[in-house]
Amino acid sequence: RKEKARVSCSLPEPSWEERLANAVTPLWRLTYQEQLQVKYESQRKILQTLASRLEELGIDAQKSGGLCCPLQPVVPSPIINGYRNKSTFSVNRGPDGNPKTVGLYVGTGRERNIVCVKANHVENIPSKHKQVAQCYEEFISHSPLDSCILFHEGGHWRELVVRTTRCGHTMAIITFHPQQLGQEALATQKALLKEFFTCGPGAVCALTSLYFQESTMTRCSHEQSPYQLLHGAPHIFEELLGLRFRISPDAFFQVNTAGAEVLYQAIGELCQAAGDTVLLDICCGTGTIGLSLAHQVSKVIGVDVVEKAIEDAEWNAAFNGISNCEFHSGKAEAVLPQLLASWEDARPLVAVVNPSRAGLHHRVVRAIRNCRAIRRLLYISCKPEGEAMRNFLELCCPPDPRKKLAGEPFAPVVAIPFDMFPHTVHCELVLLFIR
């Protein structure tokens, strides 16, 4: 008996390039206006969730449309393609089985289906970053040393971080697992890297700085394992809002420089800072926000956990002739409570917080709540639906002796999303709280 031929209506399997684009830049197929609309709706849902959570705490937070405060349209990025000034490339097996492929991951470690795909077609990464990644792959492909895919299985060549600026500077940072190599063997590898990027095929990258870090951990700070300068200048420089900023290998700097200018100008307006205002810049990085607003206020106080970033911030202030800033190195949860507990300055105090995705430590929120001088707070979040949501609730909840939240609660009054990450689902949300 003859079986009827089956007609397949299934779509062709996406290419590896499409899979990577879908993973890293999931909105890449949409027009930019459509992307902004998608992001607006996602931020709207976040504010609806915040309103509901505040209602559960007994706070009347339902405003028009079920939001906790008015939501303004998403502010577009001035640059849509190739806007990233920092990219991190991994080394792993590619779709063709090459264990020294330099690119970005598709798949997950949990499902053990990770494949490293070259990022040549990814729209948010600039061509300079792709060029350096290609050269790094060429270098390690000729190296007798293996790539380090799993620490316990040995291998050495690991991540590549590329940082660029609008001044034309390029920094490359190569992470290397030393395993059992001695100092002489390590020195040989560093010399070969330097030769490749200065005299060999990698010279086409015209690196301003080439750094090398020996690391036995997934992530490693300068304090844990120093960045070793193999070639060029120790820093790269960026210009933003008429100021010049020095950037160290691990210092935080907004990934979209043109978008950061738009963001910081808006923050300056939202602060409503008078000439006698003191600006508290928490998680200040290299000092970009505080320094760009220093001309509006009487004093800027910056705090950041990365010691090198604070060194950069102090250098940036001095280089730009800004004398009304002071910067403190250390965990915000250690520095801030001490700083604010003895606050007796009569000048108005405005706080700007720009934490990582992990949000603020509860001790930082407590210090802000319990400092009566802070009447206005700007919270900048790249993941407001995550740990930042906990911060929002702690800022707005009624006084709670158990959590040592004694101060008057804040209330959200306006939310403005900024598209710092075109082609992705992410947004930078600025929430203004007052009390």
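Biologist: Which residues does UniProt list under "binding site"?
Modeller: The unreviewed UniProt entry gives Q254, D304 and N354 for that annotation. Keep in mind that what we are looking at is a predicted model.

Biologist: Where is Q254?
Modeller: In the loop that runs between strand 9 (243-247) and helix 5 (257-271).

Biologist: Buried or exposed, and why?
Modeller: Q254 counts as buried because its relative accessibility is 4%, and the cut-off for buried is under 20%.

Biologist: What is Q254 in contact with, leaving aside neighbours within four places in sequence?
Modeller: N85, A260, L263, Y264, N354, M420 and E428. N354, one of those contacts, is also listed by UniProt in the "binding site" annotation.

Biologist: And D304, where is that?
Modeller: D304 belongs to strand 11, residues 299-304. D304 has a relative accessible area of 10%, so it is buried. Not counting residues up to four places away in sequence, D304 touches C283, C284, G285, A309, I310, H328, S329 and G330.

Biologist: Back to the largest cavity. What is its volume?
Modeller: About 60 Å³.

Biologist: Which residues line the largest cavity?
Modeller: The lining consists of F252, F253, Q254, Y264, D281, C283, C284, G285, T286, T288, I289 and N354. By type, that lining has six nonpolar residues, five polar and one charged. C283, C284 and G285 are in the lining, and D304 touches those residues too.

Biologist: How many cavities of 30 Å³ or more are there?
Modeller: Four. The second largest cavity has a volume of about 40 Å³.

Biologist: What lines the second largest cavity?
Modeller: F89, V102, K118, A119, N120, K130, A133, Q134 and E137. Helix 3 (residues 127-141) gives the most, with four residues. The lining of the second largest cavity splits into four nonpolar, two polar and three charged residues.

Biologist: Which domains does the lining of the second largest pocket draw on?
Modeller: Domain 1 (86-239) and domain 2 (256-434) each give at least three residues.

Biologist: How far apart are the centres of domain 1 and domain 2?
Modeller: They are 33 Å apart, taken over C-alpha atoms. Nine residues from domain 1 and ten residues from domain 2 make up the contact.

Biologist: Changing topic. Which residue does UniProt list as "active site"?
Modeller: C382, again from an unreviewed entry. C382 sits in the loop between strand 14 (374-381) and helix 10 (387-396).

Biologist: Is C382 buried or exposed?
Modeller: Buried, because its relative accessibility is 18% and the limit is under 20%. Not counting residues up to four places away in sequence, C382 touches R357, C427 and E428. E428 is also in contact with Q254.

Biologist: Why is helix 10 described as largely enclosed?
Modeller: Because eight of the ten residues of helix 10 are buried. Those buried residues are A388, M389, N391, F392, L393, E394, L395 and C396. They pack against helix 2 (32-56), helix 9 (362-369), strand 14, strand 15 (411-418) and strand 16 (428-434).

Biologist: Where does UniProt put the methyltransferase domain?
Modeller: The feature "domain: Methyltransferase" is placed at residues 276-339, in an unreviewed entry. That span is 42% helix and 25% strand, with end C-alpha atoms 19 Å apart.

Biologist: Last one: where is A313?
Modeller: A313 is in helix 7 (residues 307-319). A313 counts as buried because its relative accessibility is 0%. Leaving aside neighbours within four places in sequence, A313 is in contact with G285, T286, G287, L291 and F327. A251 is 62 residues away from A313 in sequence, with a C-alpha to C-alpha separation of 9.7 Å in space.

Terms used. Residues numbered from 1 in each chain as written. Predicted model: local features only at pLDDT ≥ 70, side-chain atom pairs only at ≥ 80, totals over all residues. Heavy atoms only, no water. Helix = DSSP H or I, 4+ residues; strand = E, 2+ residues; numbered from the N terminus. Buried < 20%, exposed > 50% of the residue type's maximum accessible area, 1.4 Å probe, protein only. Contact = heavy atoms within 4.5 Å. Domains from an automatic or database assignment. UniProt positions renumbered as here; feature names shortened; annotations may be inferred. 1 Å grid on protein atoms, 1.4 Å probe; cavity = no way out; pocket = protein on both sides within 12 Å on 5 of 7 lines; lining within 4 Å. Points joined across faces, edges and corners; volume = space filled by probe spheres on them. Nonpolar A, V, L, I, M, F, W, Y, C, P; charged D, E, K, R; others polar.
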